[in-house]
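I opened the model to look up two things.

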Amino acid sequence: MPHADAPQTPAGAASRRRFMAGALAATATGVAQAQAFDFKPNQRYPDPAVQVLDPSFTKYRLFSSSVEQIATGLRWAEGPVWVADGRYLLVSDIPNNRIMRWDETTGQTGVFPNPSNFSNGLARDRQGRLLACEHLTRRVTRTEYDGSITVLADRFEGKRLNSPNDIVCKKDGSIWFTDPPFGIGGHWEGDKAQSELPHALYRIDPDGRLDRVMEARFPNGLAFTPDEKQLYLVARTAEGRRQLQRYDVTARGGLANPTVVVESTTGALDGFKIDEDGNIWAGWGSNGGADSVAADLDGVMVFNPAGKAIGHIRLPERCANLCFGGAKNNRLFMASSHSIYALYVEVRGAV
């Protein structure tokens, strides 16, 4: 069951309240704590960085839209979420132990919160409250309207979770998250520790009950189809290849009938989102292998529901995760290593 976290310091509680009220003052990107990189957008339309791999992608590419770098100076950007009522974007900067806030109205970037417990995946529940997967504390939390923190999950059957990674909230209010060991594998994204539980996918029901939906090998990104009848999940094969798998969601909240939609060989699938037409917009890049050329892979790969690659948004950095946002929910925000990139497209996010 959810439980209240330990009391915060007055300064920390005040920062959380300002955030949830949407009144955090944005500061310039001088807050960067890592190398910032210059980016020169393409001057000509259409942007050659937005590549059409199949004619079906043409209707999603806006002729007069180009890739923009809206922030830089992060160490490993992850888990973006759009806050429509505040017109800002939140992105985890995991190794820097902070969440970055980019303001659409000013174009400026600030920090909230600091520290973030090495948060990774971010989402909002059906009431608009922030959900966070925290590596350091090995838990899933919810920020309440008054800035207090509620712990939704940190143990299963008495054992500590590994390091919650990515998270989504279903329309029925249930919260689904993946729990691989990335945050406890070393000292870069949390604290090095031993796993107490298998890698798995979990569901938190609206009444607070935590269920393990299934075990999976290094589960990562996840998202529902627009009708929520199916769930996509990134996991690995026994040989280490990343797969995008699709499951039917059962009436009791389980998964059945697995299908491999995409299997990457040289490229690395990561976080992803689904658009209103059911296409998959996936973070993409080098898997670090000798035959994996980062310059040819880094960016976002777009697949249709059948798993066919139809578009490739080329970026100068590997994209770990992304989300749709903006006034019309048709602006793609791409959390990519040191930077955050954005692109308007002719389709809206499913959520």
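The entries below start with the ground rules.

I am working on a predicted model, where local features need pLDDT of at least 70, side-chain atom pairs count only at pLDDT 80 or more, and totals for chains, interfaces and linings use all residues. Residues are numbered from 1 along each chain as its sequence is written, and side-chain values use heavy atoms, with hydrogens and water left out.

**Largest pocket**

I looked up its volume: about 750 Å³. A pocket here is an open set of points on a 1 Å grid over the protein atoms alone, where a 1.4 Å probe fits, with protein on both sides within 12 Å along at least five of seven lines. Lining residues have an atom within 4 Å of a point. The volume is the space filled by probe spheres set on the points, which are joined across faces, edges and corners.

I found 31 lining residues, with Val81, Arg124, Cys169, Lys273 and Val351 closest to the centre. Strand 3 (68–83) is among the elements giving two or more residues. Its share, four residues, is the largest. Strands are DSSP runs (E, at least two residues), numbered from the N terminus.

**Ser174**

I placed Ser174 in the loop between strand 13 and strand 14 (175–179). Is Ser174 buried or exposed? Ser174 counts as buried because its relative accessibility is 1%, and the cut-off is under 20% relative accessible area (1.4 Å probe, protein chains only).

I then listed its contacts (heavy atoms within 4.5 Å). Leaving out residues up to four places away in sequence, Ser174 touches Val168, Cys169, Arg203, Ile204, Asp205 and Pro206.

Definitions and conventions
Buried < 20%, exposed > 50% of the residue type's maximum accessible area, 1.4 Å probe, protein only.
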